[in-house]
Amino acid sequence: MSHTAPTVSELIAQERRLTLPHFSYDDAYALGALLVSMARESHAPVAIDIRRGAQQMFHAALPGSSADNDAWADRKRRVVERYGESSYLVGTRFRAKGTTFEDSSRLDPGVYAAHGGSFPIAVEGAGVIGSVTVSGLPQAEDHAMVVAALERFATTLGA
């Protein structure tokens, strides 16, 4: 599955479109279960992580994933926590300026990774309250899986 790299404006539009009316513990489980189902359908060797603030609300590791995927998920999630935007958008912004996150952010690449796969969970009236992260595929595919899941999930909430 090949994905064309989205532009900064396309990534911003995704985030605006995918603001949710609410996000509860049950919602975290439903979104996580949807991601597991999607990953199983495509035999994706991914780790999935959903957080609200500092609390991990959902985690799953599918066949073929490893602890390295968990470490990547943590690094990508920290970018969302710091910037309030998807890890892919942050990396894309740096590339659009002709540089890289690693060269220009002044952040430790062992702690932060501006690679696709972590997406902010934003709630109407509250802003970014958490993140949903997939790690194990090429970054464009990690990002696309999260966006596809959030699009499907948002329709169940009437968003």
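Two strands count as paired here if DSSP finds at least two bridges between them. Strands, and helices too, are DSSP runs numbered from the N terminus: at least four residues of H or I for a helix, at least two of E for a strand. With that in hand, look at strand E1, residues 47–52: E1 pairs with E2 in the antiparallel sense, over 6 bridges.

Quick housekeeping before we go on. This is a predicted model, so local features need pLDDT of at least 70 and side-chain atom pairs count only at pLDDT 80 or more, while totals for chains, interfaces and linings use all residues. Residues are numbered from 1 along each chain as its sequence is written, and side-chain values use heavy atoms, with hydrogens and water left out.

Okay, the sheet. In what order do the 4 strands of the open sheet come? The order is E2-E1-E4-E3, and the pairing is antiparallel. Strand E2 (55–61) and strand E3 (118–123) are at the edges with a single partner strand each, so one side of each has no neighbour in the sheet. From one strand to the next, the twist averages 15 degrees.

Let's zoom in on E1 and E2. They make a hairpin with 2 residues between them, and Gly53 in the turn has a positive phi of about 60 degrees. Going through the partners in E2, Arg52 is bridged to Gln55, Ile50 stands opposite Phe58, and Ile48 has Ala60 as its bridge partner. Then there's E4, which runs antiparallel to E1 and is joined to E1 by 6 bridges. Asp49, for example, has Thr133 in E4 as its bridge partner. E1 is mostly covered, with 5 of its 6 residues buried; buried means under 20% relative accessible area, exposed is over 50%, and partly exposed is in between, using a 1.4 Å probe and protein chains only.

What lies across E1, E2 and strand E4 (127–135)? That's helix H2, residues 25–41, running at about 20 degrees to E2. For angles like these, axes are lines fitted to C-alpha atoms, for helices over the stretch in contact, and the angle between N-to-C directions runs from 0 to 180 degrees.

Now the inside. A nonpolar core is a set of buried Ala, Val, Leu, Ile, Met, Phe, Trp, Tyr and Cys residues joined through side-chain atoms within 4.5 Å. The largest one has 32 residues, and those with the most contacts inside it include Phe23, Leu31, Ile50, Val132 and Met145. The elements giving two or more residues to this core are H2, E1, E2, E3, E4 and helix H6 (139–157). H6 provides the largest share, 8 residues. There's also a second, separate core of 7 residues, with Phe94, Leu107, Tyr112 and Ala114 among them.

Setting aside residues up to four places away in sequence, Val132 touches Leu31, Leu35, Ile50, Phe119 and Leu150, among others; contact means heavy atoms within 4.5 Å.

Over to helix H1, residues 8–17. Which residues of H1 are buried? They are Leu11, Gln14 and Glu15. These cover an arc of only 95 degrees around the axis, so they sit on the same side of H1; the arc is that of the directions from the helix axis to the C-beta atoms. An α-helix has 3.6 residues a turn, so residues three or four places apart point the same way. On the face of H1 turned away from the buried side you'll find the exposed residues Ser9 and Arg16. The cover over the buried residues includes helix H4 (87–96), E3 and H6.

A polar atom of the Asp142 side chain lies 3.5 Å from the backbone nitrogen of Gly136.

Pro120, in strand E3, is buried too, at 4% relative accessibility. Beyond four places in sequence, Pro120 touches residues including Glu15, Val80 and Val128.

Last up is Ser105, in the loop between helix H5 (101–104) and E3, and buried with a relative accessible area of 13%. The Ser105 side chain reaches the backbone oxygen of Phe101 at 2.9 Å and the backbone nitrogen of Leu107 at 3.1 Å. Neighbours within four places aside, Ser105 is in contact with Tyr83, Phe94 and Thr100.

Notes
Polar contact = N/O pair within 3.5 Å; in protein donor to acceptor, adjacent residues only side chain to side chain.
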